[in-house]
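Visitor: I would like to learn how to read a helix and the aromatic rings around it, beginning with the general idea and then turning to the case at hand.

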Amino acid sequence: MSADDLRSYMTDLQMAKASKVLEAMDKAEEARKKLVASLQQEIAVTPEKIAEIKHSLAAKTRAAAERGEREVLVMRFPSSLCTDKGRAINNAEPDWPSTLTGRPRQAYEFWKEHLQPAKYKLRAMIIEWPGGLPGDIAFFLSWS
């Protein structure tokens, strides 16, 4: 194998690796788009669904309490599901819930109706900053 052949071989390897990285990035972006589309669609709130959510939350909070924790992450979603892309949440504005859409809005309303009366607190914060801009937002349910 000549030096030119070896350089060509190395270039081919680098191109193949770059192609795999781009393909993975494309797949991740497609998955993110599907997630956003699904989270934009509200779900039917039935008594059965409410019971299912309460059961799931009870298991999560009980497990967290057994670990000595006082809060648990209950939802993570892209900031694009806020009408202001997360600005009000980032600035801790009192009207931040009014910026929510889709399932995040439903999650907030569920907390307001079912969990706040039981003295649970809900905290929203931006937990990811891709390129210095708000990325994902998380809801944390606390009981302390």
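Guide: Buried means under 20% relative accessible area, exposed means over 50% and partly exposed lies in between, with a 1.4 Å probe and protein chains only. Helices (H or I, at least four residues) and strands (E, at least two) are DSSP runs numbered from the N terminus. This is a predicted model, in which local features need pLDDT of at least 70, side-chain atom pairs count only at pLDDT 80 or more, and totals for chains, interfaces and linings use all residues. Residues are numbered from 1 along each chain as its sequence is written, and side-chain values use heavy atoms, with hydrogens and water left out.

Visitor: Which residues of H4 are buried?

Guide: In H4 the buried residues are Gly 102, Pro 104, Gln 106, Tyr 108, Phe 110, Trp 111 and Leu 115.

Visitor: How many aromatic pairs are there?

Guide: Rings of Phe, Tyr and Trp (its six-membered ring) pair if their centres lie within 6.5 Å, and planes under 30 degrees apart count as stacked, over 60 as edge-to-face and the rest as tilted. By this rule there are four aromatic pairs. The rings of Trp 96 and Tyr 108 have centres 5.5 Å apart and planes at 75°, so this pair is edge-to-face. Both Trp 96 and Tyr 108 are buried. Trp 96 also forms a tilted pair with Phe 139, at 6.1 Å centre to centre and 55° between the planes. Because Trp 96 lies in the loop between H3 and H4 and Phe 139 in strand S3, that pair ties together parts 43 residues apart in sequence.

Visitor: Which residues do ring pairs link into a cluster?

Guide: The cluster consists of Phe 77, Trp 96, Tyr 108, Trp 111 and Phe 139.
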